[in-house]
Amino acid sequence: MLTVDGLRKRYGQTEVVRGASFEVPAGQCFGLLGPNGAGKTTTLRCCLGLTVPDGGSIELAGLPVPAQARAARALVGVVPQFDNLDPDFTVAENLVVFGRYFGLSQREASARVERLLEFAGLSDKADAHIESLSGGMKRRLTLARAMINDPPILFLDEPTTGLDPQARHLVWDRLKMLLTEGRTIILTTHFMDEAQRLCDRVAIMDHGVIIAEDGPRRLIEREIEPTVIEVYGEGLEAWFAAHGRRLAERAELAGDTAFCYCHDPEPLMRSLEGDPELRALHRAANLEDVFLKLTGRDLRD
Amino acid sequence: MTEATLATNGAPAVAGATRWRFLHVVHRNYLVWRKLLGSALVGHLADPLIWLVGLGFGLGALLPSLGGLSYLEFLGSGMLCYGVMNSTSFEALYSAFTRLKMQRTWESILHAPMTVTDVVVGEWVFAALKGLFSGAAILLVMAVLGLVESLAALWILPVLLLLGLAFAGIALIVTALAKTYDLFTYYFSLFIMPMTLVSGVFFPSQQLPQIVQAFAQLLPLTHATALSRGLVVGAPLDHIALHVGVLVVYAAIGVVIAARLIRKRLTR
């Protein structure tokens, strides 16, 4: 459904995307992960033909982009990072007006509204004004709006950023429904549990290149030790120097927490037993650990 | 790939509707305008009417006839153009900028199978139609006041549309360059206002210095005012092709430059 090959895009002196390649087969959910400024949004914009790449090729829904981007977009739904619902219209009007941009007649578009509002859990909000909606409702309406043309492909740029857990779970639930219907989803996210939950494949992007790509579970197995022990508390540094560093296969001290990655947690846990001041969290490695290993712990702004 | 690609990437499947897609944008703005019709009407009419009645009756009583026209006739035919210019400019500056930056409406439209050209042409046409509506309302008031010579005055309507397209194009260029609303204040006080004064809206430009008169000949409002005076209140009408030509040139160049700048801004 989407093939990106050697994509390059520069803004002034900075090359934001530096040769990204990936492929999303039909019916899959593909997650593009990366810290702020990694080039995720630019990559999505290139895929949609909203900006012209400096190099590489893109094929979306079988059409070359940007040459036939407009036709490709007729088969795509987009949920942008920042809500751009039309505040001049009510909830239902937003859907109808957007449907007209796809060439739907007033009647066709209106006929789809009820089902879409139901899908978004907004049936009782049809005549509400946009400003009266909560953040979660706006996101769901944006998702419903993206579905107005019944698209086989969806692009979502950070679909749950800024939502509370309840709202987030509702969005995930809807996205799973769409995947069950056989639609293809391409999303960017900062939330590793979101990616782990939804995505068949994830690509981790940093500094404009894709540095790892695989299924989320495979990526964890491939890139990192299966077990993590997080240690914090009084006397951490002494313990870390004496035991942590030595007993873990890979260990790092970040702020006031030590992260110890290993296959066998036993020796580490034993070394902690004699020290009541230290507290430990023993858990399985997750995608976030992979992400931090590959992109580092430095802040990105 | 050039920037132009984005504008013309029509595909066979939907090519039939290509030329008319901009109407979706016109329609969107029309739906919003209809909601605010009450206050919009007041806005369209109040400003030119206050000028017309205030200046026309007040100042007009003191003035002799101007080339065979009463001052009210003179001012009314100028006000017609002034009203169109103002209404169109406000739409293509403040309202368009709100849709560009604050509401991200244009961005959302581009997520659908629409192009930057569709958006710009839609905004351009809508702003001109809104101006035309203001003009038509003023024309009606003039007819009620007995200032309109004959039904032939309706020929002014296509001229007013053209005038709207000329000012919508220029205004959209300014909108494309604007970072905040502040720029529009400068546009009105440094461009629109002085132009109004030298274009023969309030008083004939003949008594202005030669150089100013020559400069005024380059301005679209001068030519619209001349046409309005001839068509609506029966002043002698000559150089029609020149007047129309200047408006056409402004309209065409304006929208082309605006589309280029807005494309650059939205698709960077």
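Me: How many salt bridges does the structure hold over all chains?
Reply: This is a predicted model. Side chains of opposite charge can pair when their charged atoms come close. Over all chains, the count of salt bridges is 22.

Me: Which residue of chain B forms a salt bridge with A:D88?
Reply: A:D88 lies in the loop between β6 (76-79) and α3 (91-101) of chain A. Its partner sits in helix α2 (residues 22-35) of chain B, so the pair joins two chains. The closest N and O atoms are 3.0 Å apart, and the partner is B:R28.

Me: Which residue of chain A meets B:R28 in a salt bridge of 2.7 Å, N to O?
Reply: A salt bridge needs a side-chain nitrogen of Lys or Arg within 4 Å of a carboxyl oxygen of Asp or Glu. The distance of 2.7 Å runs from N to O. The residue that meets B:R28 is A:D86.

Me: How many salt bridges are there between chain B and chain A?
Reply: Take the contacts between these chains first. In chain B, 31 residues are in contact with 34 residues of chain A. The salt bridges between the two chains number three.

Me: What area do chain B and chain A bury between them?
Reply: Carbon and sulfur atoms carry 59% of this buried area. The total between chain B and chain A is about 3,000 Å².

Me: Which strands stand at the edges of the open sheet in chain A?
Reply: Four strands of chain A line up in the order β2-β1-β4-β5, with antiparallel pairing. Each edge strand has a single partner, so one side of it is left without a neighbour in the sheet. From one strand to the next, the twist averages 25 degrees. The edge strands are β2 (14-24) and β5 (63-65).

Me: What is the bridge partner of A:E59 in β5(A)?
Reply: Strand β4 (residues 55-60) of chain A pairs with β5(A) in the antiparallel sense, over three bridges. In β5(A), the bridge partner of A:E59 is A:P64.

Me: At what angle does helix α1 of chain A run to β1(A)?
Reply: Helix α1 covers residues 40-47 of chain A. This helix lies across β1 (2-11), β2, β4 and β5 of chain A. Its angle to β1(A) is about 115 degrees.

Me: Which helix gives the largest share of the nonpolar patch?
Reply: The patch on the surface is formed by B:L177, B:L183, B:Y186 and B:L190, with about 430 Å² of accessible area together. B:L177 has its place in helix α7 (residues 156-177) of chain B. The largest share is three residues, from residues 182-198 of chain B, helix α8.

Conventions
Residues are numbered from 1 along each chain as its sequence is written. Chains are lettered from A and ligands numbered from 1 in the order in which they are written. This is a predicted model: local features need pLDDT of at least 70, side-chain atom pairs count only at pLDDT 80 or more; totals for chains, interfaces and linings use all residues. Side-chain values use heavy atoms; hydrogens and water are left out. Patches are made of residues with over 30% relative accessible area and no salt bridge: like charges are joined within 9 Å, nonpolar side chains (Val, Leu, Ile, Met, Phe, Trp, Tyr) within 5 Å. Accessible areas come from the Shrake-Rupley method with a 1.4 Å probe; for residues, only the protein chains shown count as cover. Two strands pair if DSSP finds at least two bridges between them. Axes are lines fitted to C-alpha atoms, for helices over the stretch in contact, and angles run from 0 to 180 degrees between N-to-C directions. Contact means heavy atoms within 4.5 Å. Buried area is the accessible area (1.4 Å probe) that two parts lose on being put together, summed over both.
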